[in-house]
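This report goes through a model of a two-chain complex, with attention to confidence, packing and the contact between the chains. Please keep the sequence and structure in view while reading.

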Amino acid sequence: MRNVLIIAKRELNAYFGTGLAYVFAVIFVALTGAFAFFIGNFFERGQADLQAFFQYHPWLYLLLVPAVAMRLWAEERKSGTIELLMTLPVTTGEAILGKFVAAWAFIGFALLLTVPMWITVNYLGEPDNGVILTSYIGSFLMAGAFLAIGSCISALTKNQVIAFIVAATLCFLLVMSGSDLVLNFFRGWAPRVLVDAISSLSFLTHFDQIIRGVISLSSLFFYLSLIAFFLFANAIIIEQRKAA
Amino acid sequence: MQVLVEADRLRKTFGHIVAVDEISLKVAKGEVLGFLGPNGAGKSTTMKMLTGFLEPDAGTARICGISVSERPKEAKALIGYLPEGAPAYGDMTAGAFLRFIAEIRGFDGSEKAKRVAAAVERTGLERVVEQPIETLSKGFKRRVGLAQAILHDPAVLIMDEPTDGLDPNQKHHVRSLIAEMAKDKAIIVSTHILEEVEAVCTRAVVIDRGRIVADGTAEELQRRMPYHNAVAIKVDAAHVDAVASALGSLSGVQQVERGAIQNGHAQLRAIPKGGSMIAPEVAAILSERSLPVAELYVERGRLDEVFRKITSEEGLRHHA
C-alpha cells in the first residue's frame, strides 16, 4: 500500500510538472460547459438539474481519458524507465495500482473543477442534489472504467498513438454496445443470450440510469468489475512481457 | 568467500534466437566482475534476468541466496541496478527523482534526506540537483543513474555499461567510484571496453552468443595470448643476426620472430616456451655478448586481442 501511494504521488507530480494537468483540466471544464450550454440546451430546457451537463460525459471521456491513459505504460516502455521501475522492490500490482490511482484521482480533480455548474443550478432553482451527487459518482466511476481499459491497452505497446486509438475504439464500442450499431453485428448469428449480454455491457445504459438518480447495485458492480477486470488484464500483460 | 550473486544455468530465448544459453556464474563479496562480450552477446539479457526484469526460460538467479523469481521483492531490495542507458524520469529534477527512489527503497524523513545527500555527494551531483533530468548532459544523467543504484548501499551492484559514452574524466570518476565500493559488495559491470576490465575488475567473464567462453582474471586472460611475456627488441640492422642467434641459444625461447627493417633498425621478438618470463635471461645474454639494443620491452598480450581471438574462434567453431 505504501508503495502504491509513493508511485501515485510521483505520477501526480508528473501530471502537474509537465503541464498535462492544466491542459486537461482547462479543456475538460471548457468542453463539459460548452456541451451543456450549447448542445444540451441547459437554459432552454428550463429545468433545475444537471442532466444536460452529465449527458455528454461519456463522449468527452471517450476522447480525453484514453489521452491520459495512453502514456501510463507506453511511455515507460519507450523511455526504458519500465526497467528501472520493475527492478525496484515493488510488485507489478503495486505499480499498476499506483499509476491507475494517480490518473483516476487526477480525473476526479478535473471533475471537481466543474462544481460551479452545480452552484449555478442551485442558484437558478432547486435541483435534486441527491441526483447530482449520484451523477458525479457515476461519472467518476465511468471515467475509472475508461481509464482501466486505457491503462491495459497502453501496456501492450510502446507507441502512445496506437495506445490512444485502440483504447478509444474499444471504449467507443463499449459505449455503443447497447445500440444497433454494435448489436446488429451480432444479431444475425449470435444466440439471444449473447446479444443481451453484450447489450448489458453498454456504458450508456448504466450511465443514463445513474444520471436519473438510480444508482443500482448492478451499475456499481458493472463499473467496478470492469475496472478490476482490465487492471487484472493489465497485470497479466506486464508479467507476460517479462517472460517473453 | 561469501557468494552474493549466483546464476544457475540461466537460459533465455526470444523466438528462435537463443539470447542466453545456460550461463552459470558466481560473484562473491569483494569481487568486481567484468562482463565482456561483443554487442548482442547476451550481456544485457543476463543482467536483466539477474535483476528480475526478465523471467528466465530456465535456470535460477539468486541474490544473497534469495531466488529472484520466487521472492522478487526481497531480492530486488538487495540489488542496485543501473540499466543500459541509465533511464530516469526526465521530467523530474535529479533531487526529486532520488527522493522517489529513496521512498520506494523504504527510507523516510531524515534517513531519506541523509541517503539522498550521500548519494548526491558520492556521484558529484550537487550542482544539478534542482535541474530536470532531461536537461542534463549525458555524463550527469549517467551519474543520476549511478546515484539511484547506490542510494540504499546495496549488497549487490549491477551496472550495464556504466561508462558508455562518457568522456575520459567521467570514465575515470565512475571507475574510481566502483573501486571505492568494491570492498564490501559484489559488483557486476558489463562493458565492451577492455581497458575498463584491466582498470577495475578483479575477474572477467567473456560471453559470446549467449555462452561463457572465458572466465578468469585479466592476467589469466592475457596468458591466453600467444605473445604473452614475449620480449620485443629493437636493434641496429647491423647486429640483427648476432642478436637473433643469441636469443635462439636461450633454452627458454621457443622461437625468434624477425620483423622488417625500418630506418636502419630491425624488430625482433623472442617468444617464450609456455609463456614464462624470459626477460632476465635475454638481458643477461645481450650484455654478456655486449650487443647494443635500442629498445627492449616485455609484451603482456593485449586484452582486446585476446578478446578478438576468443570470440572469433568461437564464431568459427560455431559455423563449422
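## Confidence

The model is predicted. For the complex, the predictor reports an ipTM of 0.88 and a pTM of 0.85. The average pLDDT of chain B is 87, and 96% of its residues score at least 70. Where pLDDT is low, the predicted coordinates should not be read in detail.

## Chain B overall

Chain B contains eleven helices and 14 strands. Its C-alpha trace extends about 75 × 45 × 35 Å along the principal axes. Of the 320 residues in chain B, 41% are buried. Among the contacts in chain B with a separation of 6 or more, 69% are between residues 24 or more positions apart.

One open sheet in chain B has four strands in the order β2-β1-β4-β5, with antiparallel pairing. Its edges are β2 (17–28) and β5 (66–67) of chain B, each of which pairs on one side only. Strand β1 (residues 3–14) of chain B runs antiparallel to β2(B), and eight bridges join the two. B:Val3 lies opposite B:Ala28 of β2(B). Helix α1(B) packs on this sheet, where it touches β1, β2 and β4 (58–63) of chain B, and its direction makes about 120 degrees with that of β1(B).

Helix α1 (residues 43–50) of chain B is mostly covered, with eight of its eight residues buried. The buried residues include the charged B:Lys43 and B:Lys48, along with B:Met47, B:Met49 and B:Leu50. B:Ser44, B:Thr45 and B:Thr46 are buried as well. Just after α1(B), B:Gly52 adopts a positive phi of about 85 degrees.

## The contact between the chains

Chain B and chain A each contribute 19 residues to the contact. On the side of chain B that touches chain A, α2 (72–77) and α3 (94–104) of chain B each supply at least two residues. That side of chain B is made up of ten nonpolar, four polar and five charged residues.

## A helix pair in chain A

Two packed helices are described by the angle between their axes and the distance between the axes. In chain A, the axes of helix α7 (residues 92–112) and helix α9 (residues 129–154) come within 10 Å and cross at roughly 140 degrees. The crossing of α7(A) and α9(A) is right-handed.

From α7(A), the contact takes A:Lys99, A:Phe100, A:Ala103, A:Trp104, A:Ile107, A:Gly108 and A:Leu111. From α9(A), the residues taking part include A:Tyr136, A:Phe140, A:Ala143, A:Gly144 and A:Leu147. By class, the residues of this contact of α7(A) with α9(A) are ten nonpolar, four polar and one charged.

## An exposed loop residue in chain A

A:Glu44 sits in the loop between α2 (20–39) and α3 (51–54) of chain A. Is A:Glu44 buried or exposed? A:Glu44 counts as exposed because it has 9 C-beta neighbours inside 10 Å, and the cut-off for an exposed residue is 12 or fewer. A:Glu44 and A:Ile165 are 121 residues apart along the chain, and their C-alpha atoms are separated by 36 Å.

How values were computed
Residues numbered from 1 in each chain as written. Chains lettered and ligands numbered in written order. Predicted model: local features only at pLDDT ≥ 70, side-chain atom pairs only at ≥ 80, totals over all residues. Contact = placed C-beta atoms within 7 Å. Buried ≥ 20, exposed ≤ 12 C-beta atoms within 10 Å, placed from the backbone. pLDDT = per-residue confidence, 0-100. Axes fitted to C-alpha atoms, helices over the stretch in contact; angles between N-to-C directions. Left-handed = near helix turned anticlockwise from the far one by under 90°. Pairing = 2+ DSSP bridges.
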